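Student: I would like to learn how to read the features of a protein model. Can we go through one together?

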Amino acid sequence: MTPDKALMNGPLTETGLDPLLDSAKPARPASAAATSAFSPSLPEAHRTIAIGPNIGWLRKVFAFAGPGYLVAVGYMDPGNWATDIGGGAKFGYTLLSVILLSNLMAMLLQALSAKLGIVTGRDLAQACRESYSRPVAIALWLVCEIAIAACDLAEVLGSAVALKLLFGIPLLAGVLITALDVLLVLALQGRGFRLIEAFVVTLILTIAACFAYEIFFAQPLWREAARGFIPRLEILRNREMLYIAIGILGATVMPHNLYLHSSIVQTRAFATDERGKREALRFATFDSTLALGFALFVNAAILILGAAAFHTRGLHEVAEIADAYKLLTPVLGASLASTLFACALLASGQNSTLTGTLAGQIVMEGFLNLRLKPWLRRLITRAIAILPAVIVIGFYGEGKVTSLLILSQVVLSFQLPFAVIPLVRFTGDRKRMGVFANSRLTSVVAWTVAALILGFNAELLYLTLR
């Protein structure tokens with residue numbers, strides 16, 4: 001047995017500590033494993049969180065909880081803010097149906113992503129490199145890097161906008177400050193992957209609390225909001241509405257999250273026999289579905305806030321995040337409304353840049369089998385985000401930030417099929433997945449989701465070119 005397989009399939013570490021807190025140190029792979037074609041994804045965190053064999057259901061829920069929340073961060077990043085605020089202010093509650101549909105798609109796709117990682121021990125990037133020719137794998141890597149750059153652009157700009165609103169820091173300086181998240185990731189991961197998860201969950205709860213406050217004072221029309229969850233054909237016929245809808249889809253179902261989730265589920269040291277994998281799948285799916293339920297609440301709350309605070313008052317043109325910040329306190333009559341809005345935006349941006357850095361590492365290592373020192377690897381992935389942001393601000397100034405945020409999310413939507421189609425194909429492959437391959441019903445639903453994403457994009461292209 002190679003050192004790789006010993007690391008991936010070896011016996012669980014029994015330390016006698018509480019499995020919720022225990023983070024056993026990973027075995028240092030031998031040099032042969034380090035240069036193996038498929039050494040573990042995120043090797044510094046691989047199977048470091050022990051899962052005790054004889055603990056109760058609730059303790060196992062908490063032991064597996066964490067990866068889903070890191071994934072959920074990408075579903076409430078600053079790109080969502082730009083699309084949701086603009087959609088709510090301009091079209092009221094109509095686009096809530098797109099948020100709901102996008103989150104349901106996300107729940108299925110993230111469950112498939114977790115399945116791929118747990119069953120095969122490969123993340124999605126590694127599976128692509130294993131299955132496709134080198135030119136195809138390189139092409140998919142380039143497409144994925146474009147998606148990560150678009151996503152990171154939104155996260156970096158969102159954090160910079162929040163710093164400007166709260167502290168008056170110039171936007172360009174705020175962009176450069178976000179580079180410090182590289183040091184944050186290194187510091188947290190050096191103390192165990194559990195600490196990263198705890199930090200992310202804390203920021204998610206902060207965001208949720210801020211929006212609960214905003215919604216309380218906004219006093220939405222709940223009956224109209226409920227109707228907004230029912231899909232309307234008008235969305236497909238109105239080019240402007242469809243553009244924002246595509247942005248919401250791209251901001252919600254993010255390509256890099258599929259790569260991220262397939263890797264970080266492997267931080268749990270679950271048993272690798274069939275029973276152990278089934279149990280890990282069950283708890284990982286529960287974790288991601290519950291976490292994405294929180295993301296659904298946050299995204300819906302942002303759009304409802306835009307509809308209740310601006311649309312119902314005739315302020316249909318409020319699309320810029322800075323304008324929303326300035327108007328919230330006088331419109332709602334709540335002294336903390338604007339400040340909490342900016343605090344939630346900052347928490348969202350920092351959360352997303354942190355997980356985006358991890359996703360960049362996974363994609364680079366998975367597609368290219370490129371192993372670099374952690375600090376250098378993270379510096380490269382952060383530079384990929386910061387350089388476009390600096391160029392954008394230099395060429396377009398600060399006035400176009402929200403428009404660029406929405407555009408970045410539309411770009412993400414067009415990148416989605418390049419991650420979704422391989423994922424659905426791999427998890428439906430019986431040679432790869434064995435008894436864990438998708439059922440016929442799951443395959444039909446998954447391919448329908450892929451077709452819907454392609455259809456949305458095709459409709460937008462048609463209306464744009466017409």
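This is a predicted model: local features need pLDDT of at least 70, side-chain atom pairs count only at pLDDT 80 or more; totals for chains, interfaces and linings use all residues.

Student: How many helices and strands does the protein chain have?

Tutor: The protein chain has 23 helices and two strands.

Student: What share of the residues is buried?

Tutor: A residue counts as buried when its relative accessible area is under 20%. In this chain of 466 residues, 58% are buried. The accessible surface comes to about 18,500 Å², and carbon and sulfur atoms account for 67% of that surface.

Student: What do the contacts say about separation along the sequence?

Tutor: Take the contacts between residues at least 6 apart in sequence: 85% of them join residues at least 24 apart.

Student: Which residues make the nonpolar surface patch?

Tutor: Trp-57, Leu-58, Phe-62, Phe-286, Leu-290 and Phe-294 make a patch of about 630 Å². Two elements, α3 (57-64) and α16 (274-309), each give two or more residues to this patch. Phe-62, for example, is in helix α3.

Student: Why does Phe-62 count as partly exposed?

Tutor: Partly exposed covers the range between the buried limit, under 20%, and the exposed limit, over 50%. Phe-62 has 48% relative accessibility, so Phe-62 counts as partly exposed. Phe-294, another patch residue, is also partly exposed, at 34%.

Student: How many aromatic pairs are there, and why is the pair of Tyr-69 and Phe-294 called tilted?

Tutor: The structure holds seven aromatic pairs. Planes under 30 degrees apart count as stacked and over 60 as edge-to-face, with the rest tilted. The planes of Tyr-69 and Phe-294 are at 50 degrees, so this pair is tilted; the ring centres are 6.2 Å apart. The pair links distant parts of the chain, with Tyr-69 in helix α4 (residues 67-73) and Phe-294 in helix α16, 225 residues apart. Tyr-69 is buried, at 12% relative accessibility, whereas Phe-294 is partly exposed.

Student: Which parts does the pair of Tyr-259 and Phe-367 tie together?

Tutor: This pair is tilted, with 5.7 Å from centre to centre and 55 degrees between the planes. Tyr-259 belongs to helix α15 (residues 255-264) and Phe-367 to helix α18 (residues 337-368), so the pair ties together parts 108 residues apart in sequence. Tyr-259 is buried, with a relative accessible area of 2%, and Phe-367 is buried with 2%.

Student: Which residues do ring pairs link into a cluster?

Tutor: Tyr-213, Phe-216 and Phe-217 are linked in this way.

Student: Where does the charged end of Arg-432 sit?

Tutor: The charged end of Arg-432 is over the ring of Phe-426, 4.4 Å from the ring's centre. Arg-47 lies over the face of Phe-270, at 5.5 Å from the ring centre.

How values were computed:
Residues are numbered from 1 along each chain as its sequence is written. Side-chain values use heavy atoms; hydrogens and water are left out. Patches are made of residues with over 30% relative accessible area and no salt bridge: like charges are joined within 9 Å, nonpolar side chains (Val, Leu, Ile, Met, Phe, Trp, Tyr) within 5 Å. Accessible areas come from the Shrake-Rupley method with a 1.4 Å probe; for residues, only the protein chains shown count as cover. A salt bridge is a side-chain nitrogen of Lys or Arg within 4 Å of a carboxyl oxygen of Asp or Glu. Helices (H or I, at least four residues) and strands (E, at least two) are DSSP runs, numbered from the N terminus. Buried means under 20% relative accessible area, exposed over 50%, partly exposed in between (1.4 Å probe, protein chains only). Contact means heavy atoms within 4.5 Å. Rings of Phe, Tyr and Trp (its six-membered ring) pair if their centres lie within 6.5 Å; planes under 30 degrees apart count as stacked, over 60 as edge-to-face and the rest as tilted. A charge sits over a ring if NZ of Lys or CZ of Arg is within 6 Å of the ring centre and within 35 degrees of the ring normal.
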